[in-house]
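This report concerns aromatic rings and the charges placed over them. The sequence and the structure are shown first.

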Amino acid sequence: MDRRKFIASTLWLSAGMTIIPAKNLLVNRVYHQMKPIRRNVGIFTGRGGTIGWYADSDSVIIVDTQFPSSASMLHDEVRQFSSGPVLTLINTHHHADHTAGNTYFRNLANQIVAQEKVPDLQRNMAEMQNTESEQTYADVTFEENWIADTGSEIVRATHYGPAHTSGDAIVWFENANIVHMGDLVFNRWYPFIDINNGASITNWIQVLDTVASQSDSDTVFIFGHGSTNYGITGDVQDLNIMKNYLAALLELVDRSITRGDNLDDILNHPRIEGFPNHVSAGARLSLRANIRAAWQELNGHL
Ligand SMILES: [Zn+2]
């Protein structure tokens with residue numbers, strides 16, 4: 001632990017706000033990184049989807065919350081940039097690696113914002129996984145847009161229709177020209193496509209196209225799942241690679257269906273040309289899982 005972090009932890013304890021249980025002290029040794037980008041906006045990587053943050057003297061806005069242990073580390077870090085009293089959370093979608101840390105902020109956040117489908121999706125997921133008691137849900141929801149003006153930054157969460165799930169939001173920091181993509185970009189990973197919760201590869205491609213057209217060469221994109229080799233953040237070229245991968249996936253499966261193949265024919269020889277750097281992170285984030293999702297979407301059944 002470096003001196004700065006040691007002081008932060010000591011203050012945390014002496015402020016009497018909480019006592020860190022021994023098991024969390026162990027978790028605190030997990031690698032995490034706080035990185036400012038520009039104009040009070042930055043990222044935090046720990047365990048789970050990349051967190052985006054905005055911090056000025058009055059306001060802190062946090063995009064996604066990972067898990068309670070890493071949310072607490074983030075809170076420690078962000079307080080070095082702001083003692084602002086207004087704390088807003090935004091969830092880009094309902095998956096646990098983006099929402100489980102909400103509970104850490106339960107008594108700290110003024111509001112938790114998400115697209116209107118998110119609370120129900122999160123509740124259904126929690127019921128299936130028996131984790132209802134660990135959930136904290138958004139209390140401010142929107143259909144298409146939510147906007148906040150902090151005085152020096154305009155923060156806008158926009159829902160462009162279904163993509164990674166049916167309730168995705170993309171968060172724009174308009175003055176900083178930084179965009180949190182949620183899980184619409186897995187940078188050189190085979191993505192998780194949550195077909196059972198309303199994902200649409202067809203619209204995902206469209207959304208990436210739209211967002212790319214609304215950006216410029218200076219826009220910095222934050223990826224829900226970044227890559228050590230290719231970046232946690234990136235530019236419009238990375239968006240295009242993600243879009244081209246999804247288009248190639250749909251085309252591969254579409255051609256197979258037209259040929260009269262069955263699903264096992266493609267799954268037995270999963271292969272997609274032109275994306276040599278894509279890697280898999282387990283069964284759910286694999287080419288085979290992606291092919292299965294595309295097959296379900298194109299056949300119109302789950
Ligand atoms: Zn996700």
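Over the ring of which phenylalanine does the charged end of arginine 47 sit? The charged end of arginine 47 sits over the ring of phenylalanine 67, 3.9 Å from its centre. A charge counts as sitting over a ring if NZ of Lys or CZ of Arg is within 6 Å of the ring centre and within 35 degrees of the ring normal. Arginine 284 is placed in this way over phenylalanine 192.

| Charged residue | Ring | Distance to ring centre |
|---|---|---|
| Arginine 47 | Phenylalanine 67 | 3.9 Å |
| Arginine 284 | Phenylalanine 192 | 4.1 Å |

The model is predicted: local features need pLDDT of at least 70, and side-chain atom pairs count only at pLDDT 80 or more, while totals for chains, interfaces and linings use all residues. Residues are numbered from 1 along each chain as its sequence is written, and side-chain values use heavy atoms, without hydrogens and water.

The structure holds four aromatic pairs (ring centres of Phe, Tyr or Trp, the latter by its six-membered ring, within 6.5 Å; planes under 30 degrees apart are stacked, over 60 edge-to-face, the rest tilted). Tryptophan 53 and phenylalanine 81 form a tilted pair, because their ring planes stand at 40 degrees, with the centres 4.9 Å apart. Tryptophan 53 is buried at 1% relative accessible area, whereas phenylalanine 81 is partly exposed at 38% (buried is under 20%, exposed over 50%, partly exposed in between; 1.4 Å probe, protein chains only).

The rings of tyrosine 245 and phenylalanine 275 lie with centres 5.5 Å apart and planes at 85 degrees, so this pair is edge-to-face.
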